[in-house]
Every structure is written in C-alpha cells, then in structure tokens.
Amino acid sequence: MASVFRPLKETRHEAALFRRRALAGFLIIVVCLLALSVRFRYLQVEQHDEFSTRSEANRVLTRPLAPARGLIYDRNGVLLAENVAAFRLEVTPEQAGDLQHTLDALAGVIPISDDDIARFNTLRKGKRSYQGIVLRLKLSEEEIAKFSINRWQFPGVEVVPYLTRSYPLGAEFAHTVGYVGRIDSDDMARLDKDDYAGSTHVGKTGIERYYEDRLHGEVGYEKVEVNADHRPLRTLPDGLAPKPGENLYLSIDSHLQEVAEAAFEGRAGAAVAIDPRNGEVLAMVSVPSFDPNPFVNGIAGADYAALLAAEDKPLLNRVLRGGYAPGSTMKPFVGLGGLELGLRKPSDTVLSTGEFFIPGQSRAYRDDVRGGSGRVDLVQAIAQSVNTYFYSLALDMGIDRFSGFMSRFGFGKPTGIDLIGESGGVLPSKEWKRGRFNQPWYPGETVIAGIGQGYWVVTPIQLGNAVATMANRGVPHVPHLLRAAQSGIDRKVELVDKAAALPSVIKKPDNWLAIEQGMIAVVSSGTGRGVNDGFPYVIAGKTGTAERYSRTDETWTSISSGPIERHQVLFEAFTPADDARIAVAVALEAGRSGAHDAAPIARKILDAWLPGDREAQGNLLGARAPAPDATTQAAR
Amino acid sequence: MIEEVVAQLRYRAGSLWRKPRVDLPLLGALALLMGVGLMTLYSASDLDRGQVISQALRFALGLVLMLLIARIPPLSLRNWTPWLYAGSVLLLLAVAALGEGRGAHRWLDLRVLRFQPSEMLKLTMPMMVAWYLNGRPLPPSWLTLGVVGVLIAIPAALVAEQPDLGTALLIAASGAFGVFLSGLAWWRIGLLLGAFAAAVPVGWHFLHDYQRNRVLTLLNPEADPLGNGWHIIQSKIAVGSGGVWGRGWHHGTQSRLEFLPEHTTDFIFSVFAEEWGLVGVLLLLALYVFIIARCLWIAAEAKDTYARLLAGAISMSLFVYVMVNGGMITGMLPVVGVPLPLVSYGGTSAVSLLAGFGVLMSIHAHRKAVGN
C-alpha cells in the first residue's frame, strides 16, 4: 500500500508510538475521570445535606390550612355569626387554556358580573398560574347544577367547597357584630402573613374586627408532595391541624335588641341598654341598619354606592359615632355637680321667670315655658327641666369646674367599649375651644352648656355609659359586649375577666339621692309623665329635647311646637331606681320632644327586660360576672 | 438461484452464530452497561415499560449491527472510508439545505426512516482521519496536520451550524484523538492547544445566544433559577441528594416528580447518581474505564495503523461522552446535549455507539489476519 514515492513508513515504530500514546491518553482519561469523581464526591458527600434539603423543599409544599372562625352568640346562645358551607368557582389559568374564552363561555352558563371579572383579575396578579383563583363565591344550587352539566367544556374550572361567614339576624346586628370581608392589601399590611396564610377573610368592623385575634384561631398546615408543575400528588402524614377560633358570647340579648330596633319604627336614631352593675351592653341599636351578609363575599359596587349615598346613612354606626346635643338629659349631671362641688344644697331654690340674664349682659337665655316655672328647688328643676336653675348653676361653676366634673362621667372621650371606631364626642372647655377654634371662652357658652347645648356633643354610648354610672350610684364600669368565650367545642364556656369597678365618682351618697329624687319625679310628675305607668319598678329618667336650630318665630310658644325636624330628642332612664339593673339611653334624630318620642322607645326596652325577668332566665351562664380581683384589675 | 441465496444467508447466519468474532470481555462489559442503562431508564421513565422495551429493541438492533460490522474486515472498511466520509458530509449538506428538526436542523427525513447524518460522522470521522494518516509517515508533519484539520473542520462546522454543539464537539474530538494517537509531537500539541485557547474569544462571537447563555449559566446558575439555570440546579440537587449510598432504585424524587428535565435522555446520569449515590457513580465510572481500557488494548493489538488509530479514536471518544455528560450534570461543564453512552434513552446514539464497537470487534477479530 505504501507508495515508494512517499517517505518510508516504519510500521514497527508507529506501533510502539501508538502504544505510548494510548497509554498517555489512557492516563489523561483516568486523571479526568478522577477529577469528575472528586466533583461527584464534593456534591454527594460535602454538599449532601444542603442538596437533600433543597430536594425536600422541591418536593414538599407546605399548604396552610385556614382555621374555622369562632362563632358569635348572644348572651342566650342565639347564633349571631356562623360559618356555613358554600361553594365557590375557581379557575386555574394554567389548565384553563384560553382564559378569555373560558370566562366568556362561563358567563353563558352562570351569571358572572363585571365586578367578578375585575376582582378575578386583581387576584390573579398575586398568584402563580397553577394556583386556583376564585371567580365566584357562594354559588347557588341552580348555578352548581348548571355548571356541572357543562363542566366538560371547562378544564381548569372547579367548584370548590368552603366555609363562608353568615349573619342569620342580618341588619339587626350589623352595627354590633359587624362583618368580615376579604383580606385586602391594607389588611395584608396589618396582619401577620403566616397566621393568615390560609385565610381569605378578616374582621372588618364591629366585634368581628375588635376580637379578630380571638375569633381567627391558629393556622395549621399540611404537607403535600408536588411535582415540578406544583400539582399536588398526595398529602404527607406530617402536618398540623388548624386551631379553630374562640366562640364568643356577647352580653347582648337578641330579643331585647329586636324589641329596641322595632321600637324605632324606622326612625333614624340609636339606643343603648347597659347593665349598670357591670357595664354589660344588653342592647345597642343604630337605625337604620344594613344587611352585612353581602359584604362578606364582596358587595356589588352599585349596592355599596347606594348604601353610601342613602340620606339616612345606614352605614353610620350611630351608637358609636352619632353626635347628638345632649340637651336636658345633662341636667341631672349638672345638678349633681352643683351638690358635689358644694355650690348648691338640694333645698336651694331659683326663681324662673322665663328669661335668664348674665349680670351686666342683655342677652336673654330662655326657659322652655313662657313666663317661667316660678321658684324651684333641685328636684323640681330636674322634674320640670327648668333651664334657669341650670343656667345660673353652670355660671356659678365656671366652665373649668363644669367640664372637669362632667368628664368624670366619661363625656368628651371614648368610653372604651370593645368596638373600633368610637367617637369621643365633644365636652366643651376652654382648652377645647382654643384648640378647635383658637378663640377665648365666653360666659354665655358656659350658660348654655348648663342645659347640654352649645358645643356639647355626646354619642349614644357615652350617654348610656353616663346614665349607667349614675344608676350605679357613681360607680363606673367600662361598657363592653364580650361576656364569655369558649376556646374549643369541648371546652367550657367561661366568663371573660371584667375590669375592676372604679371608685365612685360621687363623694356624698346623699347627693345622689337628691338627683335620684329628681329623676323619679321626671317620670312620675315632670316632663316624662306617664313613662312609669304600669311598670312594676320605679323608673328614674330624664327627657332631652335639643334644638337643632333656634326659635325664629315667636308663635312657637313652647319647645314642643314647630316642625318635628326641629329637634333631636333624647331620653335616659334606669330602673329599679334604688337598685338599677338596666340603664337606657335613646336618641332620635328628629322628634317632637324627648318625652313624646324617645321615652316610649326606652319604656319598650325596659318592658322587654325586667318585668318578665328576662334578665334572670336569659342568663346562659347562670352566675353573674365574678367579683373582680387584683389580677384582673391589672389585666385591664 | 433463490435456493442458493437462501443457502448463502443460512451459512452466513450460521457462522455469525458459531464464530461471532467478538471480544467477550468487551461484550460482557457492554452488556452490563446496557443492563444498567435499561434499569436506570425504567426508574427514570417512572416505570414505563414501553420506553424500556423500545430502548431494548434499539440495543438489539445495535447489537445485530455490531455483529455484522464485526464480520467486515478492517481492510474493506479502510477501502470504503473515503466514500463513507464523503457520503456523510454530503448528507450533512443535504440536512443544512432541507433538513427538519425541533428548533435545530439535525434530522433528515427519508420518509422510510428519519435519522441524523451527524451520528454517522461519529464513526466516519475517525475512519477518515485514520485512513488519511495511515498513508502518511508518522508522526505527522504540519502539512499532514493541516489536511487533517480541514477534514475535521468541515463536518464539525456543519454540525455546529445546525446547531448541535455537543455532537460537533464529539466529532471534532474523535478526529483529534486520531491525530493525538498518531504520535503528534507533544510540543505541537501544546502549540495547537495554545492557539485553540486564543481562538476561544473569537469563537464566542459565532455561538448562538442560547449557547452563550448555557456557558454563562454554568458560571452562575442561580442567576436564572427558572430559566437556563434550572437544568443545572435541579441536576445538582439530584446528584447531591443522592449522598454516598443513594436513595435507592426508583426512590429519587427529582426525576419522579419531574423536577429534573430530560431525565431519561441527557440527564439520566443525575437520576442514576441520585438513586445509587457516590458508590454507584464510582462503579459506573469504573465500568466505563474498563471498557475504554479494553478498547485501547484492542487498538494496541491491531496490526495496521489504520485499525490502530480508528480503534484508539473510537475508544477515547467514549471518554468524551462520559466526561462531557458527567461534567454537565455536576455543573462543571456547560449544558451540551451529549448522552451518557448506552444509558441515555435514544435510538440513534445507541445504534451508532454499538456500530462503533462493531468496528472494534472487527479489528479485534482480524488482528492477526491483516498487516500493513
């Protein structure tokens, strides 16, 4: 083969050369594969732990399990907030294919609103395409049936069971229990991400919001093995069951609540009933109200706009945020201030001529009755609501001492009830006016403060709290709604620790007796005559009729004449007068007078509570709140 | 007439059976390797018998091809070599002109069968280099080297253009090994390697974006954990979680749960490493070393330069497969589509590998008969 013209090939030499080269090549190969082995050793021995962990992290997905939210009951065990099984429609984009087409086709089967689509698109942003996204909540049975028939057309669309919050009594407790809603970005910033990893809803208002920590429970988790597409393949044995939230028992009596609400007959206003012995709120009503149920799974935009635009403001919680001029309901408190501060004795009298003048000034401050009520002592002044008595008393007190004494009853600041969003009202003082208007205080403002007018603004819960304090002979309790809690279905319902009673704000018990006399006289012979008729216990009360605008026409001969809208009317009461078990405050935004319009509402509340001993029979736990001790004092 | 042909065929088949002309240690090692491959594939395919059977059939086809090639005397192979080389380069050109494939033009659809002409070059390339060097005085001169360089560069460039960097690398390496084994002076080797290193920055410009990304990804896989880095990260997790003793057959979660991409083909070594651990990996590498050593031994026994160089180049190419694949799955080398010989799922590669071993068997069988 080798050509003679080419240099000679030395076959033997080539073979030897090849062997050397093959050996060299083999050594190089062995060295390289040894290097590869070292690399394997590095990964499989030195980094084994790290890669094992990462392999596990790949494989196992920890899925949070939402705890069941605690239920809310009234004091008798009537369910106010429950969890009901419902079905929602979820779409998994990754499996659904053409999403727009799927949504369009779905809309042909079951109703899907623009709101649903908008919310769906918002939710989509925060999720991976393999995660299911809620399109519709609370499907009706008909909708489920319709979807089930057409299900084959919709890969990646599923009907998923869940628990949704429901408020069986609806509007009646909307302002007390409140409602939960879907967690939004504001909530997300506030809440612990881990605790709420599985939760879709959070308390937005009312008890649901205030006791969110107790109601929510503790998140659990399950471990599922997933593949690279994050599809769950099976649930692994190790996990942690979620701990359901506490069941809460409110001090409210739903029957009393119902009676109180009905008594308003739809007129805008608010009422509060408190057990003065312990501060338990027995009823709190804000009229009008709204159905909280649509808010749970997202209220339609148009419905929400309508609620916001409604003239009588159903969304406003009047008990906590409604501002009312307290008017004459303040007279017992002002009178008590006169006695306590040593400015008056119960027997001291004042001549009411129909007009009161500050010495050296010409402006007249009127009595309600033309020509006045003549010479009256404290009891008569309260019973007949004689302005002049309180004009002169307030003037003698001066605004500093006046507002100082009134703040003992909680005016001008939130009561501390266990609800969010309470307004503090306004208790006028020099500092307040300087801060608010940067103006000095005038004596005339002290005079009208004496009859609960002027800048003074109270909320119904403040008034109820003040009346309860008065009823309890000056011993205040922070009003509250939470009465008992149950930390698991197998656990006992236990009363929650109450705040200790504070020292009485009244120094001399005799002074209280004089005021009590006056308030009893109100309903027996005074402005609230007739309120006590047919009631088994003695009622102590006081009417209030605050002008929303002044008399402009002299033909309005008395306070109760003129158009009905002219007045905010109030009534406060407690009974039995000597050993009060219930204190009530009622405010109506429009009415002829406190006695005419507000007092009957208060009476219906009292009727529903005491005579049938509903108080005694409707006590789920039998015993009253345990006596507070030193440890619970420290707790609050 | 027909009876004659039949009789001839029966005689041939009979002699194939009686005198298989195989090297038993090599055949045994290959059988063991294929067994390991099928077992790993069964696990990696999540117990898919269909895939295992189809791979076994390809092995069978490859083994028949191997036995047939083993009967061809190296002399005949040598005579056919230029034609085979020219033919496969022409096919490459045909693919470049009218081929089809997934993203890359690799496949030639002949209606009856689809195949990658580049696979043929894995064999015809070392054959051509051996053929050329066989006729030249060795160690080769610069001129010889230049001609061989052109012979290697043309098909390698065509394949790299497809683009299939892995195969181009294997083809070029098989040619280069022929030159190395021919006794090219060490200083010339050093010079060539230096020139090659200098050309790397130039070559960078000719790489496709996805190829550049693979190299960049190698340097920092965590930078793009869901994109280019995914392969490397998941493969390293699979290998690392295997530990010393492995997680056991079909207990590797990385492939079963589909975290590991291409876990039956290019990344099957990761599955093996996860399930059999460092011990399994070392044993498997030892098996490869044995096969390479045996092949080099056969090469050294060969009586003519052509056969020696061809056998040596084929054996050392096997090392390139193992090294590039092993380096890839451990994150040492970029992701290049090089299968693990006789373990990765895939027909063409298995058949072409076994054909290569057929050449080795032939050289072994004819070691005494042919001289130069």
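Residues are numbered from 1 along each chain as its sequence is written, and chains are lettered from A and ligands numbered from 1 in the order in which they are written. Because the model is predicted, local features need pLDDT of at least 70 and side-chain atom pairs count only at pLDDT 80 or more, while totals for chains, interfaces and linings use all residues.

Chain A brings 36 residues to it and chain B brings 42 residues, where two residues are in contact if their C-beta atoms, placed from the backbone, lie within 7 Å. On the side of chain A that touches chain B, α1 (11-46) and α2 (48-59) of chain A each supply at least two residues. Helices here are DSSP runs of H or I with at least four residues, strands are runs of E with at least two, and both are numbered from the N terminus. The largest share of this side of chain A, 21 residues, comes from α1(A). By class, the side of chain A that touches chain B has 16 nonpolar, 10 polar and 10 charged residues. In this scheme Ala, Val, Leu, Ile, Met, Phe, Trp, Tyr, Cys and Pro count as nonpolar, Asp, Glu, Lys and Arg as charged, and the others, Gly among them, as polar.

Chain B has 372 residues, of which 51% are buried. A residue is buried if 20 or more other C-beta atoms lie within 10 Å of its own, exposed if 12 or fewer, and partly exposed in between, with C-beta atoms placed from the backbone. The secondary structure of chain B consists of 14 helices and two strands. Among contacts in chain B with a separation of 6 or more, 72% join residues 24 or more positions apart.

Two helices of chain B illustrate how its elements pack. Helix α2 (residues 24-44) and helix α3 (residues 49-70) of chain B meet at an angle of about 160°, with their axes 9 Å apart; axes are lines fitted to C-alpha atoms, for helices over the stretch in contact, and angles run from 0 to 180 degrees between N-to-C directions. That angle makes α2(B) roughly antiparallel to α3(B), a term for angles over 145 degrees. From α2(B), the residues making the contact are B:M34, B:L38, B:L41 and B:Y42, and from α3(B) they are B:Q51, B:V52, B:Q55, B:A56 and B:F59. This contact has seven nonpolar, two polar and no charged residues. In the loop between α2 and α3 of chain B lies B:D46. The phi of B:D46 is near 60°, a positive value in a residue other than glycine, and B:D46 is partly exposed, with 14 other C-beta atoms within 10 Å.

Further along chain B, helix α6 (residues 142-160) has 19 residues and reaches 25 Å from its first C-alpha to its last, close to the 27 Å expected at 1.5 Å a residue. The expected span is 1.5 Å times one less than the number of residues in the helix. Buried residues of α6(B) include B:V148, B:I152 and B:P155. The buried residues of α6(B) pack against α4 (74-98), α5 (117-134) and α7 (165-181) of chain B. Helix α7(B) has 17 residues and reaches 24 Å, close to its expected 24 Å. Of the 17 residues of α7(B), 16 are buried, so this helix is largely enclosed by the rest of the structure. After α7(B) comes B:G183, whose phi is positive, near 95°.

Several loops of chain A also deserve a visit. A:T349 sits in the loop between α14 (331-340) and β13 (350-352) of chain A and is partly exposed, with 14 other C-beta atoms within 10 Å. A:T349 and A:D377 are 28 residues apart in sequence and 4.2 Å apart in space, C-alpha to C-alpha. Leaving aside neighbours within four places in sequence, A:T349 is in contact with A:R375, A:V376 and A:D377.

The peptide bond from A:V287 to A:P288 is cis, with omega near -5°, and A:P288 is found in the loop between β12 (280-287) and α11 (293-296) of chain A. A cis peptide bond also joins A:T575 and A:P576, with omega about -15°. A:S385, in the loop between α15 (378-384) and α16 (387-406) of chain A, has a positive phi of about 55° although it is not a glycine. With 30 C-beta neighbours inside 10 Å, A:S385 counts as buried.

Key. Angles under 35 degrees count as roughly parallel, over 145 as roughly antiparallel, 65 to 115 as roughly perpendicular and the rest as oblique.
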